[in-house]
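These are my notebook entries on one structure, written in the order in which I looked things up. I kept each entry to strands, helices, single residues and charged pairs.

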Amino acid sequence: MKASAFAYARPTSIAHALELLGVHGDKAKVLSGGQSLMPAMNLRLISPEFIVDIGGLAELRGIVVKGDALSIGALTRHVEVLKAPEVAAHVPLLRDATSHVAHPAIRNRGTLGGSLAHADPASELPACMVALGATIIACGPRGERRIPAQEFFTGIYETALSPHELLVAVELPLARKDSAHFFHEFARRHGDYAIVGLAAQSIIVGGQFAELRLGFFAVGDRPLLAGAADKLVNVAVTPEVLAEAAAVLGEELDPQEDQQATPAMRRHLAKVLLSRCVSTLLSRPDLQFRTAA
Ligand SMILES: Cc1cc2nc3c(=O)[nH]c(=O)nc-3n(C[C@H](O)[C@H](O)[C@H](O)COP(=O)(O)OP(=O)(O)OC[C@H]3O[C@@H](n4cnc5c(N)ncnc54)[C@H](O)[C@@H]3O)c2cc1C
């Protein structure tokens, strides 16, 4: 199938792009890498009347340390995130997560901003943003908005962006020297969307979590910053403490049924990931999940 007819413009500045979005509103769609938008248009799942191709806006590309944050432009491609020494040094969780996004051909075109604006609940990068406590920066007719990642994702393919806004960058706190991260997903093949996944960032002091942020994905309509983490912070983690955290996690999840898994299977896999994460980060093999949930 081919997309419905549409008009097309390639703005020369952010201001120009915003002007076009202002005129065409929800009849327009922003085009970044096109790796999600074009398939959806070709399958006629969506039929925007106007395409605003921001691919030429160089000011939306790049990775730079600004004070105590790493700023990544929305048009920065997945492959650039993977190769950037700044990402490896300051937000290694993002590098690990990006290596699980699709396949090389898609990572060569797809962008960080496109992935976040697309807001697929099974996508790795939204959960990563939530776990890292990122700030999403949007530009619209009234200027710039800084949106905490946790408030940005509002539902399946839904975000806090209005049709008149452009996602321009994300800011990620630089990882502390004493921080540790964990990333794992269950997927049928490497590069497929996850059945269930977990992106976690922590600070460990004296064998205990001083901080723990657990960003689960593919367990509901948006990435989940799990409150179950509270059960594991500033305590000596025993199998009983971990079981209590897993029970809280089970209450928080709202998994969907699809061709890949039932909600019960997703709940089980999320608990397996929780125990793998905690045992890996604390270097405690005794905390590995052994029995069915
Ligand atoms: C076969 C296949 C497998 C894939 N597997 C995975 C996977 O495992 N994990 C995963 O996370 N993704 C996967 N993807 C999606 C891929 O990562 C896309 O690159 C990403 O989702 C969208 O990035 P993009 O730059 O291509 O955005 P586009 O396709 O250009 O845009 C996506 C959406 O975001 C909007 N948008 C884009 N940029 C902006 C912006 N700056 N401001 C406002 N709105 C914007 C567009 O209007 C559109 O609605 C897969 C894609 C394919 C085709």
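The entries below go from the sheets to charged pairs and then to single residues.

**Entry 1, ground rules.** I worked from a predicted model, in which local features need pLDDT of at least 70 and side-chain atom pairs count only at pLDDT 80 or more, while totals for chains, interfaces and linings use all residues. Residues are numbered from 1 along each chain as its sequence is written, and side-chain values use heavy atoms, with hydrogens and water left out.

**Entry 2, the open sheet.** I looked up an open sheet of four strands and noted the order β11-β12-β13-β14 with antiparallel pairing; strands here are DSSP runs of E with at least two residues, helices are runs of H or I with at least four residues, and both are numbered from the N terminus. Two strands count as paired if DSSP finds at least two bridges between them. The edge strands are β11 (179–186) and β14 (224–225), each of which pairs on one side only. Between β11 and β12 (residues 196–205), which run antiparallel, I found eight bridges, and F186 stands opposite V196 in β12.

I then asked which helix packs on the sheet and touches β11, β12, β13 and β14. Helix α8 (residues 124–132) does so, and its direction makes about 155 degrees with that of β13 (208–217); contact means heavy atoms within 4.5 Å. The axes behind such angles are lines fitted to C-alpha atoms, for helices over the stretch in contact, and the angles run from 0 to 180 degrees between N-to-C directions. Helix α11 (residues 263–281) lies across β11, β12 and β13, and I noted that it runs at about 150 degrees to β11.

Strand β6 (residues 135–140) has five of its six residues buried, so it is largely enclosed by the rest of the structure; I take buried as under 20% relative accessible area, exposed as over 50% and partly exposed as in between, with a 1.4 Å probe and protein chains only. β6 pairs with strand β7 (residues 143–148) in the antiparallel sense over six bridges, and a hairpin joins β6 to β7 through two residues. Within this pairing, I137 has R146 in β7 as its bridge partner. β6 is also joined to strand β10 (residues 166–173) by five bridges, again in the antiparallel sense, with I136 standing opposite V170 in β10.

A search of the whole structure gave 10 salt bridges, a salt bridge being a side-chain nitrogen of Lys or Arg within 4 Å of a carboxyl oxygen of Asp or Glu. E165 forms one with R145, the closest N and O atoms being 2.8 Å apart. E165 lies in the loop between β9 (158–159) and β10 and R145 in strand β7, so the pair ties together parts that are 20 residues apart in sequence. E165 is buried at 10% relative accessibility, whereas R145 is partly exposed at 33%.

R146 and E171 meet in another salt bridge, at 2.8 Å from N to O. R146 belongs to strand β7 and E171 to strand β10, so this pair ties together parts that are 25 residues apart in sequence. R146 is partly exposed at 47%, while E171 is buried at 17%.

I found A40 in helix α2, buried with a relative accessible area of 16%. A40 and A3 are 37 residues apart in sequence, yet 8.5 Å apart in space from C-alpha to C-alpha. Leaving aside neighbours within four places in sequence, A40 is in contact with L45 and I46. I46 lies in the loop between α2 (37–42) and β3 (50–53) and is partly exposed at 30%. R44, found in the loop between α2 and β3, has a positive phi of about 60 degrees although it is not a glycine.

Is T111 buried or exposed? T111 is buried, with a relative accessible area of 4%, and its place is in the loop between α6 (104–107) and α7 (112–118). Leaving aside neighbours within four places in sequence, T111 is in contact with S32, G33, A74, L75, T76, R77 and H78.
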